Amino acid sequence: MALYKRSEVWHYDFTMDGRRYRGSTKEKISSKARMIEAKLMNEAKQRKLTVQRRTLTLAEFSKRFLDWVETTRLEAETKKYYQSGWRMLAKTPISGVRLAHITTDEAEALRFDHSPANANRALRTLRRMLGKAAEWGVISAAPRIKLAKEEGRSKLIDSETEFKLLEVAKQPLHDILILILDSGMRPGEVFQMRWEDIAWDLGMIFIPRGKTKRSRRYIPMSDRVIKALHARRNDQTEGWVFPSDSKCGHMTTVAKAFEEARELAGISKAIVLYSARHTFATKVMGATGDLSLVMRALGHTNAQTAMIYQHPSLETVRNVVNKIPGSMLPRHNPRHTVVM
């Protein structure tokens, strides 16, 4: 890096990444010449980054990102979350876009099937990928990735809907639905159940892993859960409760079976499998009024997260209104009396 004077004008001469830059600043004052030199050096750095960016698309970068996901200390469920998110991104045009060209607008233009929660799986993965790219110096900075607004699964499964679903649900959906309704387990936790994690003498199911620190927990079994598992057991003492021919060896989804059962039962599409978990939480909260108990049952560490699952019955409001003393109700206004 050097500034030198030729006649009365300052010139610059510096090397960046093996490339030499030299020329006139067209300035006669050294302080102004140094400002121009600093600006030119910064532009040279940016051009260097741009050249690097041109060699890397999101799909190409995914190989490094997925290797990091596989080898890091992330929870198993989190790893699956990012792997699934990438599979969704890989099916979109953004997979072929170079990292330097991915902007907030590019991300907002992405469209995914199903719920906003499903879209956010891909968007959170994209956000993490770009964050790692910036952290590793592949790009200068990561753009802001906005998530889709999730309204929440507020629809509950009432007694009539439960009866209709269970009446038409085929196995293994029938037993999976009972487990979630009576235990509040996440679908993924049910799919990964093993016979050796069931304490029959205690009437408990042990969840050895999950999304949060509190996911590792014991859950009591209801009478109908015990009955359903006994019928499925066949004297087994180890292995998956819901095995499949998948790579992992256990079931990973019953989405198609649930959609078919929902259609046969003639119930609203607003009802999803996860509604069973919400229903469990609502019933336990309504019966006990103990949020900490609900948090332990659901495996939550955050009270705000647990509150999402609470849907207090409006029957409570009705009971309160009915108990209001007559003296507190609006009195009849004699000015509105019609005199015959």
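Does Trp 68 count as buried or exposed? In this predicted model, Trp 68 has a relative accessibility of 18%, and because buried means under 20%, Trp 68 counts as buried. Trp 136, by contrast, has a relative accessibility of 25% and therefore counts as partly exposed.

**Aromatic pairs**

A search of the whole structure finds seven aromatic pairs, and two of them are set out below.

| Pair | Centre to centre | Angle between planes | Geometry |
|---|---|---|---|
| Phe 65 and Tyr 82 | 6.0 Å | 75° | edge-to-face |
| Trp 68 and Trp 136 | 6.4 Å | 75° | edge-to-face |

The planes of Phe 65 and Tyr 82 stand at 75°, so this pair is edge-to-face, since an angle over 60 degrees is what that class requires. Phe 65 belongs to helix α2 (residues 58–71) and Tyr 82 to helix α3 (residues 76–90), so that the pair links distant parts of the chain, 17 residues apart; both of these residues are buried.

The pair of Trp 68 and Trp 136 is also edge-to-face. Trp 68 lies in helix α2, whereas Trp 136 lies in the loop between α5 (116–135) and α6 (159–168), and the pair therefore ties together parts that are 68 residues apart in sequence. Taken together, ring pairs join Phe 61, Phe 65, Trp 68, Tyr 81, Tyr 82 and Trp 136 into a cluster.

Another aromatic ring, that of Trp 240, has the charged end of Arg 194 sitting over it, 4.5 Å from the ring centre.

**Helix packing**

The helices that carry Phe 65 and Tyr 82 also pack against each other: the axes of α2 and α3 are 10 Å apart and meet at an angle of about 170°, which makes α2 roughly antiparallel to α3. The crossing of α2 past α3 is left-handed. On the α2 side the contact is made by Leu 58, Ala 59, Ser 62, Phe 65, Leu 66, Val 69 and Glu 70, and on the α3 side by Lys 79, Tyr 82, Gln 83 and Trp 86.

Technical notes:
Residues are numbered from 1 along each chain as its sequence is written. This is a predicted model: local features need pLDDT of at least 70, side-chain atom pairs count only at pLDDT 80 or more; totals for chains, interfaces and linings use all residues. Side-chain values use heavy atoms; hydrogens and water are left out. Rings of Phe, Tyr and Trp (its six-membered ring) pair if their centres lie within 6.5 Å; planes under 30 degrees apart count as stacked, over 60 as edge-to-face and the rest as tilted. Helices (H or I, at least four residues) and strands (E, at least two) are DSSP runs, numbered from the N terminus. Buried means under 20% relative accessible area, exposed over 50%, partly exposed in between (1.4 Å probe, protein chains only). A charge sits over a ring if NZ of Lys or CZ of Arg is within 6 Å of the ring centre and within 35 degrees of the ring normal. Axes are lines fitted to C-alpha atoms, for helices over the stretch in contact, and angles run from 0 to 180 degrees between N-to-C directions. Angles under 35 degrees count as roughly parallel, over 145 as roughly antiparallel, 65 to 115 as roughly perpendicular and the rest as oblique. A crossing is left-handed if the near helix is turned anticlockwise from the far one by less than a right angle, and right-handed if clockwise. Contact means heavy atoms within 4.5 Å.
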